[in-house]
Amino acid sequence: MRRAIFVLCMFAVWFLTFLAAMSGCGNAPPEETTMRPGDDRSDDPATGVSYAASDPSPPCDDGPPEDTPSEDGGAAPVPAAEECNGVDDDGDGQVDEIFLCPLGSIGNICITSCNTAGNLICTAPLCSWGFCEPFPEDCANTIDDDCNGFVDCADPVCGGLPVCAPSPPDPPGADGTTVQFVYTGPVAPGTIHLDAWWQLPNGTSQSWGTVAECVDVQAGDGALNCAFVLPSGTSPFEFQIVLPDGRFWGDLSCSPQGGCGATVGTLSVNGPNGNLAVSLVANNPNNQPYFNGQIAVIP
Ligand SMILES: [Ca+2]
Ligand SMILES: [Ca+2]
Ligand SMILES: [Ca+2]
Ligand SMILES: [Ca+2]
């Protein structure tokens with residue numbers, strides 16, 4: 001009987017010890033209340049109990065975890081939201097990392113608001129490809145490249161460039177508009193020639209005389225077919241078709257030389273876009289119905 005009581009007591013002691021161990025509490029050895037040199041401990045001023053700094057099991061605390069304290073004891077600051085601004089707002093070491101493209105970067109070719117070509121530009125507030133920036137003005141392509149309403153040399157950005165320097169006036173016959181004279185008239189021996197005077201676009205005049213560039217390639221056939229070049233804008237061009245026997249196309253008199261109310265022979269004058277209008281202007285020093293032909297403006 002004494003043996004059974006002893007065994008029962010030992011079991012009771014073991015069981016209580018087991019319960020204490022399962023709870024994690026109450027099995028700590030008695031703690032010191034003061035620190036000795038070399039101890040890595042701190043005191044709880046409220047209880048007077050000291051705890052080892054490295055103790056993995058400080059006094060039980062069933063309360064909720066607290067915020068990580070900041071150095072000054074307040075709550076840690078919440079990182080700022082990342083914005084499209086070229087700055088690392090949230091402090092993660094990356095700039096504008098949540099957006100599609102780096103602010104201000106250049107993207108693909110696109111069509112601008114004025115239908116010219118440009119580049120997409122990454123723009124705020126969402127760092128997206130939202131704007132098509134025109135190419136710079138090309139001063140010699142007849143297009144308003146930069147969409148400012150001015151084309152080529154009319155655009156102030158082209159000022160002073162050699163391509164926009166005013167060109168010197170064309171010398172007579174150097175280049176310009178090809179004008180073709182086709183005349184058919186009375187057959188007469190000899191050659192037919194074209195006499196004329198004209199005023200160039202720069203205001204200088206070519207005095208009356210035979211137009212050397214307009215030669216009669218087949219004398220005696222009663223026809224003159226020649227083409228030569230005049231500066232565009234020449235105004236006026238006044239002329240006469242002179243026949244080998246001294247008669248001339250603009251003589252409307254009823255003398256033996258004239259056409260008696262009509263020109264002597266027929267004439268057509270053609271420019272690059274078709275027939276050019278020819279008017280008759282008075283040339284009658286002796287009060288005779290003599291006329292010259294006139295083209296108002298060379299196109
Ligand atoms: Ca940012
Ligand atoms: Ca960032
Ligand atoms: Ca242009
Ligand atoms: Ca422009």
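Tutor: Asn115 is found in the loop between β3 (106-111) and β4, where strands (E, at least two residues) and helices (H or I, at least four) are DSSP runs numbered from the N terminus. This is a predicted model, in which local features need pLDDT of at least 70 and side-chain atom pairs count only at pLDDT 80 or more, while totals for chains, interfaces and linings use all residues. Residues are numbered from 1 along each chain as its sequence is written, and chains are lettered from A and ligands numbered from 1 in the order in which they are written.

The phi of Asn115 is near 65 degrees, a positive value in a residue other than glycine. Asn115 counts as exposed because it has 10 C-beta neighbours inside 10 Å (12 or fewer other C-beta atoms within 10 Å of its own make a residue exposed, 20 or more make it buried, and those in between are partly exposed, with C-beta atoms placed from the backbone). Cys260, in the loop between β10 and β11 (266-271), also has a positive phi, of about 55 degrees, although it is not a glycine. With 12 C-beta neighbours inside 10 Å, Cys260 counts as exposed.

Two other loops hold a cis peptide bond. The one that joins Ala124 and Pro125 has an omega of about 5 degrees, and Pro125 lies in the loop between β4 (117-123) and β5 (128-134). The one that joins Ser235 and Pro236 has an omega of about -5 degrees, and Pro236 sits in the loop between β9 (223-230) and β10.

Strand β10 (residues 237-242) pairs with β14 (residues 291-295) in the antiparallel sense over three bridges (two strands pair if DSSP finds at least two bridges between them), and the bridge partner of Glu238 in β14 is Gln294. Both strands belong to an open, antiparallel sheet of five, in the order β8-β7-β10-β14-β13. Its edge strands, β8 (205-210) and β13 (279-282), each pair on one side only.

Strand β9, on the other side of the loop that holds Pro236, pairs with β6 (residues 177-184) in the antiparallel sense over eight bridges, with Thr177 opposite Leu230. Strand β6 is also joined to β11 by five bridges, again antiparallel, and here Gln180 stands opposite Asn270.

The largest nonpolar core has 21 residues (a core is a set of buried Ala, Val, Leu, Ile, Met, Phe, Trp, Tyr and Cys residues joined through C-beta atoms within 7 Å). Those with the most contacts inside this core are Tyr183, Leu194, Ala196, Leu224, Phe237 and Ile241, and β6, β7 (193-199), β9 and β10 each supply at least two of its residues. In soluble globular proteins, nonpolar side chains tend to be buried together.

Leu194 shows such contacts in detail: leaving aside its neighbours within four places in sequence, Leu194 is in contact with Phe181, Val211, Cys214, Leu224, Cys226, Phe239 and Ile241 (contact means that the C-beta atoms, placed from the backbone, lie within 7 Å). For the protein as a whole, 14% of the 299 residues count as buried.

Technical notes
Contact = placed C-beta atoms within 7 Å.
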